[in-house]
Amino acid sequence: MTVVKPIIVPVITSMLLASCATATVSENTGTKLAKSCSVEGATLDTKFPSGNVASCQGSDDNEFTVSLKPEDAPPINCSAWYAFRVTPDSAVTESQKIHINLNYETCGHRYWPKTSVDGISWDYLPKTDMKITEVNGVKQASITIELDDRPIFVAGQEIVVPGTYRSWIDGLTQSAQAETFLLGKSAEGRDIPALTIKAPGSTPKKHVVLVGRQHPPEVTGALALFPFVETLLADNPLAQKYRARFETIIVPILNPDGVEHGYWRHNTGSTDLNRDWGPFEQPETKLMDSLLTEIENNPDKQLSFFADFHSTRNDIFYTIPDEFPTTPPLAIKNWLGLLQERMPDYEVKRSANSNLTQANSKNYVYKRYGVPTVTYEMGDETDRELIVEVAREAAMALMETLLAHKDE
Ligand SMILES: [Zn+2]
């Protein structure tokens, strides 16, 4: 069995356990509709951050059937998220085999199930415990889990929720190089935290902006963003030089409501936030507009690079084409070229589309500011250690690339 190496701090455990005790899902709102159903000896529920199934039903023979569908129709991208917990009845002391049918109304099964008893260490469900069938062209899954005397979480990806980010930010801000500030509030009033990194006392003109988690199920993008940012904070000459010349502003979770609810794609305004750059009709994307406009309007500040962290089926960097002028020039080509040099055994895949009509962050920020922009995508099931390695090398390659450009 492959262990998904956790890079997340332990606060998630206490959060999940606390939510278990109080049956609340968030400190801010109680708008989430949690689901729950039982079989003899066990209960399935979604009363924790990011827990979500459309409905559930228990039947005889230790079998649950959960139905899965997006928060609103139709999703433009089939990110078929699910997360639930199975808890044994306190009277049951022997382990029991539980069967769970994952019935997808649309899109079909995508994420390999992962299980955890503590919310920190995650295991891939063994292949032998999952069966995939296709019904009317939609992939359905049925899985078997071994339940002992502890609750077990089953989810499409590791559970990385607003509390996880809070704890991560708290850890980083122990360093004098990092400070946190509140970018603003989501539609449901959740905090959208931001982090700024620079040498203490310095006022770098050049700015790098990183954003993450516009799309709730895209956890591997978060698993990349964490080590990427930590590398910018490292105690070595390259990172020190970078922090003296560049301020980095990170908004690691732009869609906390969608994450909390376990949505497949949208925020609570039924909007794909990464199609709202330009219109800026949603409170979350409006905050990004304000952040970028503030940099633009300050003569002592200049945007130099923008990256947006996501997940898709495979690792890929979506960029603007090299023929499109940027300041600094050819930074994407140089950066990804350097990353490839640093990781000869890893294929750096890039897709450069010259059609910039889609209202996503990469297109908008390039069109408005003329800086190098990238959508940094990690594969859904990319090895977790490889995600970390790529992120560290990519961050070092970026610092080298940006520092090599001397103009002011
Ligand atoms: Zn995405």
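**Entry 1: the model**

I am working with a predicted model. I kept that in mind for each entry below.

**Entry 2: salt bridges**

How many salt bridges are there? I got a count of 18. I then looked at some pairs one by one.

I started with Arg85 and Asp45. Their side chains form a salt bridge, with N and O 2.8 Å apart. I checked where the two residues sit. Arg85 belongs to strand β6, residues 83-88, and Asp45 belongs to strand β3, residues 42-45. The pair is 40 residues apart and links distant parts of the chain. Buried or exposed, I asked of Arg85 and Asp45? Both are buried.

Next I took Arg190 and Glu188. Here, too, a salt bridge joins the side chains, and the N to O distance is 2.8 Å. Both Arg190 and Glu188 are buried.

The side chains meet in a salt bridge at 2.6 Å, N to O. Which parts does this pair tie together? Arg342 is in helix α7 (residues 331-342) and Glu393 is in helix α9 (residues 384-404), so the bridge ties parts 51 residues apart in sequence. I looked up how open each partner is. Arg342 has 28% relative accessibility, so it counts as partly exposed. Glu393 has 17%, so it counts as buried, because buried means under 20%.

**Entry 3: Glu134**

I found Glu134 in strand β10, residues 130-135. Why does Glu134 count as exposed? Its relative accessible area is 56%, and exposed means over 50%. I also checked its distance to Lys333. The two C-alpha atoms are 42 Å apart, and the residues are 199 apart along the chain.

**Entry 4: helix α8**

I moved on to helix α8, residues 361-369. Of its 9 residues, 7 are buried, so the rest of the structure largely encloses the helix. Which residues of α8 are buried? I listed Ser361, Lys362, Asn363, Tyr364, Val365, Tyr366 and Tyr369.

What do these buried residues pack against? I noted α6 (283-297), β17 (302-312), β18 (316-319) and β20 (373-379).

Then I looked at the two ends. Asn360 caps the N-terminal end of α8. A side-chain oxygen of Asn360 lies 3.3 Å from the backbone nitrogen of Lys362. Just after α8 comes Gly370, with a positive phi of about 65°.

**Entry 5: backbone exceptions**

Most residues other than glycine have a negative phi, and most peptide bonds are trans. I went looking for exceptions.

Where is there a cis peptide bond? One joins Thr327 and Pro328, with omega about 0°. Pro328 is in the loop between β18 and α7.

Asn62 has a positive phi, near 50°, and is not a glycine. I placed Asn62 in the loop between β4 (55-59) and β5 (63-68). With 23% relative accessibility, Asn62 counts as partly exposed.

Asn136 also has a positive phi, about 50°, without being a glycine. Its loop runs between β10 and β11 (138-147). Asn136 counts as exposed, because its relative accessibility is 77%.

Conventions
Residues are numbered from 1 along each chain as its sequence is written. This is a predicted model: local features need pLDDT of at least 70, side-chain atom pairs count only at pLDDT 80 or more; totals for chains, interfaces and linings use all residues. Side-chain values use heavy atoms; hydrogens and water are left out. A salt bridge is a side-chain nitrogen of Lys or Arg within 4 Å of a carboxyl oxygen of Asp or Glu. Helices (H or I, at least four residues) and strands (E, at least two) are DSSP runs, numbered from the N terminus. Buried means under 20% relative accessible area, exposed over 50%, partly exposed in between (1.4 Å probe, protein chains only). Contact means heavy atoms within 4.5 Å. A polar contact is a pair of N or O atoms within 3.5 Å; within protein, one must be able to donate a hydrogen and the other to accept it, and residues adjacent in sequence count only if both atoms are side-chain atoms.
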